[in-house]
Amino acid sequence: MSFTETTTTSWFARLKGALIRILVGFLLVIACVWLLFWNEGRSVKTYRALVEGAGLVVSVDNGSVDPANEGRLVHISGPVKPVGVPEDDMLGVSADGAVGLRRIVEMFQWVESSSSETRKQLGGSEETVTTYSYRKEWNQREISSSSFRQPGHDNPQMPIDGASFAVPTATIGAFSLDGRTLAGLGDDRPVPLTAIEAGRIGEAVTIGRPVSAIAGQAVFSSDPQNPQVGDIRIRFERSDIAEASFVGAQRGNSLIPYKTTNGRNLFLSRAGIADAAVMFDAAQSENTTITWLVRAGGLIGLFVGFSFILSILGVIADVVPFVGSIVRFGTTAIALIFTLLLGPAVIAIAWIAYRPFIAIAILAAGIALAAGILYLRRGKGAATTAATA
């Protein structure tokens, strides 16, 4: 089920859009320069906080709380015992022995997708042919049909949302931990619903459709084998965790984030039994991964920003379409060059600001290497000259 729409944008309208993209491009470049600089500082501060914490942490027995460790950075691990039962009070579903419970709601809805093909016209105008297609699918997200291009594909409002529930606290020996934190560490597995539970859910959620238990889910549909738009299905998952490990500041019988000397909050958690060294190594690896991901995102953002700034040249040249294609190829190359010049330069400046000794050492090593290569090349050239003479 699809339809096609053709739109034409004049050359002057495209010029106006290009001017707006220039402004957006400059803002994007500034934002990405800030992001790259900030990321290096965040990375260094996190690294130093973890190094500081690894040197201070004390592994303690979870069987008792020692007042002498009040405020100190401690590491505990052991079996997890939930205090209470996570429960969805609205629908009357609980999970005894779990640390968390999640209600997952899906509605059968219309979904719009589109694909476009743009053709440049002589004179600088642009013709865009867009094909919109529609399909029905189960989705946890409520999809608004108000912006659909073709009428007749209306989605109703979701009668109930998904939700998460957790025990208030859970214990590891004598220590008490936040239930939501532990629920986030647990393994999820289904909570099959019985016909009685599905009927109770049907009484709580009234949408004018019969409810039945199918494959452990409560399905609201007149014909579950042939669902219609607006049908609902609800299922539950429980979060279970047998053992866990934590690193944090001891406060009474609980753990809170530990503030390091550089102001960073340190709180580590992991499912299973893990010693402190392993947890700090994992945190350092995570910090490195985040640093590289943000660097990549910042460089991509710079490239997009420079492409936006230079895009007006391609629009101007599109008066003759094939000339515009050549100009856009060139502006893309220039945007890439600017990105590769500015991005590493910002990172280098940040290194000098946050890691001056390492940056100076790397710079000195680079100068020494370049000087050595130059010296060897000159020596080789002198030897060649002497042999020729």
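Me: Where does the partly exposed class lie between buried and exposed?
Reply: Buried means under 20% relative accessible area and exposed means over 50%, with partly exposed in between; the model to which this is applied here is a predicted one.

Me: Why is Trp-138 called partly exposed?
Reply: Trp-138 has 21% relative accessibility, and because buried requires a value under 20% and exposed one over 50%, Trp-138 counts as partly exposed.

Me: What makes the pair of Phe-108 and Trp-138 tilted?
Reply: The ring centres of Phe-108 and Trp-138 are 5.2 Å apart, with the planes at 55°; since stacked needs planes under 30 degrees apart and edge-to-face over 60, the pair is tilted. This pair links distant parts of the chain, as Phe-108 belongs to strand 7 and Trp-138 to strand 8, 30 residues apart.

Me: Is Phe-108 buried or exposed, and how do you know that?
Reply: The relative accessibility of Phe-108 is 9%, and because buried means under 20%, Phe-108 counts as buried.

Me: How many aromatic pairs does the structure hold, and why is the one formed by Trp-34 and Trp-38 called stacked?
Reply: There are five aromatic pairs in the structure.

Me: What makes Trp-34 exposed?
Reply: Trp-34 has 56% relative accessibility, and because exposed means over 50%, Trp-34 counts as exposed.

Note on methods: Residues numbered from 1 in each chain as written. Predicted model: local features only at pLDDT ≥ 70, side-chain atom pairs only at ≥ 80, totals over all residues. Heavy atoms only, no water. Phe/Tyr/Trp six-rings, centres within 6.5 Å; stacked < 30°, edge-to-face > 60°. Buried < 20%, exposed > 50% of the residue type's maximum accessible area, 1.4 Å probe, protein only. Helix = DSSP H or I, 4+ residues; strand = E, 2+ residues; numbered from the N terminus.
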